[in-house]
Amino acid sequence: MSDVIIMDHPLIHHKLGIMRRKSTSTKEFRDLVTEVAMLICYEATRSLPLADIEVETPLTKTIAKEIEGKKLCIVPILRAGLHMADGILNLIPNAKVGHIGLYRNEETLEPVEYFCKLPSDAADREIFIVDPMLATGGSAVAAIDLLKKRGISKIHFLCLIAAPEGAKRLQAAHPDVNIYVGNMDERLDENGYILPGLGDAGDRIYGTK
Ligand code: PRP
Ligand code: URA
């Protein structure tokens, strides 16, 4: 079974608190998505393998460390994942980026796929899927299904807020994928929204409602 790693960090609690307020502006909300994504990325990359490299400092030669193997690939789920990807690119500027387009059918709550474009060597890379919200888990499960059908196996999932229902569904469908969560909220409401949550992440990032 995969791990659900809940950040429980003061900076993340503080920033999510601002994001939850309905009075928070579109610009402030968008900036906070990027900032919280950077903080979660710090934890989600903790176990990446390192290799020794020889470097020359101004004083001497020494053995330093670098991340082993091919660089990472960030895969935002459109639309709301895009600003999380921007945050992670601030920390890992050489990462490649793939995109998966999914939206939830408002009646069935099931995901509908409309776009998928990945780097050709994605199967050789550690993949970090990013989406602010893990609600029913349908979108996350579908995104990972898509990647696995293309032979991709080293997958991590990062979100700002999860519902227990979505985390359980994702763990059951993909027990090999660790889930990094800014905060685990209480539950879903009858429309599949996370409570207390922060509303519709895409609409709040882009000001579309
Ligand atoms: C939101 C969110 C996730 C999905 C989560 O996207 O960004 O992708 O819902 O819900 P689930 O876990 O129940 O699948 P939405 O479908 O609203 O699309 P958008 O990002 O284009 O607004
Ligand atoms: N998608 C969102 O953006 N917010 C939720 O609470 C649930 C799904």
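The structure is a predicted model, in which local features need pLDDT of at least 70 and side-chain atom pairs count only at pLDDT 80 or more, whereas totals for chains, interfaces and linings use all residues. Residues are numbered from 1 along each chain as its sequence is written, chains are lettered from A and ligands numbered from 1 in the order in which they are written, and side-chain values use heavy atoms, with hydrogens and water left out.

Polar contacts are pairs of N or O atoms within 3.5 Å; within protein, one atom must be able to donate a hydrogen and the other to accept it, and residues adjacent in sequence count only if both atoms are side-chain atoms. For ligand 1, an N or O atom in the side chain of T136 is found 2.5 Å from an oxygen atom of the ligand, and a polar side-chain atom of S139 lies 2.6 Å from an oxygen atom of ligand 1. The backbone also takes part, with a polar backbone atom of G137 at 2.9 Å from an oxygen atom of ligand 1. Taken alone, ligand 1 exposes 500 Å², of which the protein buries 91%; accessible areas come from the Shrake-Rupley method with a 1.4 Å probe, and for residues only the protein chains shown count as cover.

The surroundings of ligand 2 consist of R104, M133, A135, G192, Y193, I194, G199, D200 and A201. A polar backbone atom of I194 is 2.8 Å from an oxygen atom of ligand 2, and a backbone N or O atom of A201 lies 2.8 Å from an oxygen atom of this ligand. A nitrogen atom of ligand 2 is 2.8 Å from a polar backbone atom of G199. On its own, ligand 2 has 240 Å² of accessible area, and the protein covers 89% of this.

The structure holds 10 salt bridges, each defined as a side-chain nitrogen of Lys or Arg within 4 Å of a carboxyl oxygen of Asp or Glu. In one of them the side chains of E35 and K15 meet, at 2.5 Å from N to O. This pair links distant parts of the chain, with E35 in helix α2 and K15 in helix α1 (residues 10–20), 20 residues apart; helices (H or I, at least four residues) and strands (E, at least two) are DSSP runs, numbered from the N terminus. E35 counts as partly exposed because its relative accessibility is 32%, whereas K15 is buried, with a relative accessible area of 17%. Here buried means under 20% relative accessible area, exposed over 50%, and partly exposed in between (1.4 Å probe, protein chains only).

A further salt bridge joins D31 and K27, whose closest N and O atoms are 2.5 Å apart. These residues are 4 residues apart in helix α2, and therefore separated by about one helical turn. D31 is partly exposed at 32% relative accessibility, while K27 is exposed, its relative accessible area being 54%.

The side chains of D203 and R79 also meet in a salt bridge (3.2 Å, N to O). The two residues lie in distant parts of the chain, 124 residues apart, with D203 in helix α6 and R79 in the loop between β4 and α3. D203 is buried, with a relative accessible area of 12%, and R79 is partly exposed, with a relative accessible area of 34%. R79, D203 and K209 are linked in a network of salt bridges.

In helix α3 (residues 82–91), the residues H83, M84, A85, G87 and I88 are buried. The elements covering the buried residues of α3 include α2 (26–44), β4 (73–78), β8 (127–130), β10 (155–162) and α6 (201–206).

T45 lies in the loop between α2 and β2 (50–56) and counts as buried, at 19% relative accessibility. Its side chain reaches the backbone oxygen of Y42 at 3.3 Å. When neighbours within four places in sequence are left aside, T45 is in contact (heavy atoms within 4.5 Å) with L72, I92 and F128.

Definitions and conventions
Near = heavy atom within 4 Å.
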